[in-house]
Amino acid sequence: MVKRPDKKGRFGPYGGRYVPETVIASLDELESFYKKAKRDKKFKTELNNFFRDFIGRPSPLYFAERLTEYLDGPKVYFKREDCNHTGAHKINNTVGQILLAKYMGKKRIIAETGAGQHGLATATVCARFGFECIVYMGEEDLHRQKPNVEKMELLGAKVVPVLSGSRTLKDATSEALRDWVTNIRDTFYIIGSVVGPHPYPMLVRDFQSVIGIETKRDFKKRYNRLPDKIIACVGGGSNAMGIFDAFINENNVKLIGVEAAGHGLHTKQHAAPLAKGKPGVLHGSFSYLVFDKDGQVILPHSISAGLDYPGIGPEHSYLHDIKRVKYESVTDKQALDAFKLVSKLEGIIPALESSHALAYLIKDKKKFKKNEHIVVCMSGRGDKDLGIILKNEK
Amino acid sequence: MKNRITTYLDSLGKKKLLVPYFTAGFPTMGMTLQYIKAAECAGCDFVEIGIPFSDPLADGPEIQYASKVALDNKTTLNQIFELTQKVRKHSEIPLLFMGYYNPFLAVGVKKFLQKTADSKVDGLIIPDLPIDESTEIRNLADKQNISMTYLVAPTTEKKRIQTINNLTTGFVYAVTVTGVTGSGKKFSPETDKYLKMLQKSLNHRFVAGFGVSSPADAKRLAKYSDGVVIGSKLIKIIREAKTQKSSVTDIEKFLTGVRKSLS
């Protein structure tokens, strides 16, 4: 497959830079620094050391024995990004971007967050580097993911509640972009997913690609073969791009992305742009998006704050169109059931986001063949979701 | 290109441009029509009609608020096209649409421009569509005789300013400060320096905007530019008016004051 993205930051027709003129120069600057950093041995060594000693990489590849027994079909493995420092894959990207910020001499960091995992991962690296950190978070999410807010504040970050629109990730992202436009000269915007204007979808994917690289290496070493299928949840889609990237050219490995169907695709309350949206422009890139006939973005819904977003990264749109990745969806309820089942069977409490990937496996186990080897990306841990789970029990 | 904007600019002479912005459908579509009439009475040169969008990421709190009210009122694109046709019944004032790109995509860029031309609108400003992404819309706009106004920002590189200048058909919009609309940042000697640089670099007329909130601001910026755009301040005036009816006179009074400061 050709190099993605092309020179203009396009994945097929998707991607690009749909941003106010004020930030164009900064995107150019970021792109050129990133190109240099990629070739720079010192940068690579520093990044790898942080991966090893700060995050705790490589993350384990775990054989889920009891889930495998329960399914009575495929062999299931988890790529344990939940074991990372701060409890999710998000830290891979924030470590990479903060190193870029350091090289660029920018010491004021901003970020948006939905589930709070990206905010937490950003607050964490800012504390480590002594940089100022401002995290924009929708007020709705602030309540849903309270433990993460408390952790961010403990780490010295300023968490700014966003009261506009749906008060979730979409509006937090708009607010972070407004801050960036305003403080463009001294501020580095650490975007948390494979979304936004070029070069973000590319560089976030690259920093997350360690997930797939390790999975491939460890699976080969241990089982002397590659997995048959890889399943990952998709909101913006960074954990999915991270684990998929190393396998894109392995045509025998089937890749499955799972969107959030919320209350169901037949309702308007979902967060499934690939299933129910059309190509449009939001937050700097051209990609699938859920909007009405006048182009107004429709408020998404998912029980999982990290998937509660009306758009998706441009590379996913491309991989969807060329059919390299198959995109499916599961509902809130199916995700909740998977959350509980996997907690009890494996002693691992998955994040509600990751529970979507698990639910796809569990909800219709007959579609998988015996002796298939399936890796699920366990993108994060579920402690942060206990509030939502308890509320749903009531 | 010959349309109401370019014709007007050709005969402008030394007069400074005063360009107000109103969000269509805020607080109602009927009121928007009255504000446009008031603006013309106050001696404004062009009017920018804001197409409300659910996620106005280049806008500050005032225009965010106005967009939300307009959308809560179920303002549709068709109503906005009807609005401009109503303006045209009694006025030839050059009109521009200012709106984010997604509504253009939703309708289809070609169809949107056809409707823009049919409703006698003369120009477009799309804040999230920089030159690099706008080839398709520019070509279609050319065919429909619709002017493209691009933005330059204090961060725009010199070489890029030239490209923007070359692609503009109509006038250039100079963002005066790094920030969102209605930013409230103070204009500094840097702003003057930047505007003076633009005067040298651009062959087109250019207006300064983002954060212009008084006749004094307008006068200051117009010293080194061809005029000003005022948006957030007008939304604020409308919000603070005692009644909807009095908001029309408040708008006219304010714009008349700005007009005086520019002469």
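I looked up B:S91 first: it is buried, at 4% relative accessible area (buried is under 20%, exposed over 50%, partly exposed in between, with a 1.4 Å probe and protein chains only). This is a predicted model, so I note that local features need pLDDT of at least 70, side-chain atom pairs count only at pLDDT 80 or more, and totals for chains, interfaces and linings use all residues. Side-chain values use heavy atoms, without hydrogens and water; residues are numbered from 1 along each chain as its sequence is written.

B:S91 sits in the loop between α4 (77-90) and β3 (95-99) of chain B (helices are DSSP runs of H or I, at least four residues, strands runs of E, at least two, numbered from the N terminus). A polar atom of the B:S91 side chain lies 3.0 Å from the backbone nitrogen of B:I93.

Next I turned to the interface. I found 34 residues of chain A in contact with 39 of chain B (heavy atoms within 4.5 Å). The two chains bury about 2800 Å² between them, 53% of it on carbon and sulfur atoms (accessible area lost on being put together, 1.4 Å probe, summed over both parts).

How many salt bridges cross between chain A and chain B? The rule finds three (a side-chain nitrogen of Lys or Arg within 4 Å of a carboxyl oxygen of Asp or Glu). I wrote down A:R10 with B:E133, at 2.3 Å, N to O. On the side of chain A that touches chain B, α8(A) gives the largest share, eight residues.

Definitions and conventions: Chains lettered and ligands numbered in written order. Polar contact = N/O pair within 3.5 Å; in protein donor to acceptor, adjacent residues only side chain to side chain.
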